[in-house]
Amino acid sequence: MSIFTFRPVFGRVLAGVVAVLCLAGCIGLVLANDLENLVRTVPLLLFFAAAAGALFWQPHIVIAQHGITVVNVFRTFFVPWPHVQRIDTRYTLTLFTAERRIPVWAAPSPGIRGAIAIERSDVKNLGDSAYGAGRSVRPGDSVTTASGQVAFVLRQRWEQLRDAGHLDGTAIDPDALRVTTHRVTIAVLTVLLAASVLGLVL
């Protein structure tokens, strides 16, 4: 059962805009009856549209009762709660386990300009696991940022399980953490890139 799903709106809008522009480019070449340039350019336009979809439309995170599903550009991770050792927002929201660190592509931390705009009220009552030495927090922990919003929900659930004793002494099955490679995405982007280079060279 899903508790929370996060898909960045800006990324999906950006992917949609790129796809529309690529489609408009193809239609323009067809209307101009420029078949030579159409054949040479279509693979490149399709590559840009596919790359935008992979980079900005596809990434998301699903927080559920039994674990977290992180969908990135080329891989999907399923992380059971007992595997999570730390949640960090230094550069992007990142889950740390004993086996690996898993960045969440859909929830980047703010840049310098975004960090300056953060107020004290944005980093209050985040949960005890969010604070470091001296009650310090990172700008990416602010609930006004993508990384902070998702981190807040993650930490709430993680702390509930921890305080209920569900994470203490739990036998961790290394095979429970699953990684799936997006083979179709990689294949499509590789073929389109190769076709684009070929079209530009010939």
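Let me start with Val84, which sits in the loop between strand S4 (75–80) and strand S5 (86–88). Helices (H or I, at least four residues) and strands (E, at least two) are DSSP runs, numbered from the N terminus. The model is a predicted one: local features need pLDDT of at least 70, side-chain atom pairs count only at pLDDT 80 or more, and totals for chains, interfaces and linings use all residues. Residues are numbered from 1 along each chain as its sequence is written, and side-chain values use heavy atoms, with hydrogens and water left out.

Is Val84 buried or exposed? Val84 is buried, at a relative accessible area of 5%; buried means under 20% relative accessible area, exposed over 50%, and partly exposed in between, with a 1.4 Å probe and protein chains only. Setting aside neighbours within four places in sequence, Val84 is in contact (heavy atoms within 4.5 Å) with Ile68, Val79, Phe96 and Trp158.

Trp158 belongs to helix H4 (residues 146–163). A polar atom of the Trp158 side chain lies 3.1 Å from the backbone oxygen of Val84. Trp158 is itself buried, with a relative accessible area of 14%. Its C-alpha atom is separated by 8.8 Å from that of Pro82, 76 residues away along the chain.

Thr94 counts as buried at 3% relative accessibility. A polar atom of the Thr94 side chain is 3.0 Å from the backbone oxygen of Thr92. Beyond four places in sequence, Thr94 touches Arg86, Ile87, Asp88, Arg101, Ile102 and Pro103.

Finally, the helix pair. Two packed helices are described by the angle between their axes and the distance between the axes. The axes of H2 (residues 35–57) and H5 (residues 183–201) come within 8 Å and cross at roughly 150°. Axes here are lines fitted to C-alpha atoms, for helices over the stretch in contact, and angles run from 0 to 180 degrees between N-to-C directions. H2 and H5 are therefore roughly antiparallel to each other, a term for angles over 145 degrees. Residues that meet across this pair include Leu44, Phe47 and Ala51 in H2, and Val188, Leu192 and Gly199 in H5.

How values were computed. Angles under 35 degrees count as roughly parallel, over 145 as roughly antiparallel, 65 to 115 as roughly perpendicular and the rest as oblique. A polar contact is a pair of N or O atoms within 3.5 Å; within protein, one must be able to donate a hydrogen and the other to accept it, and residues adjacent in sequence count only if both atoms are side-chain atoms.
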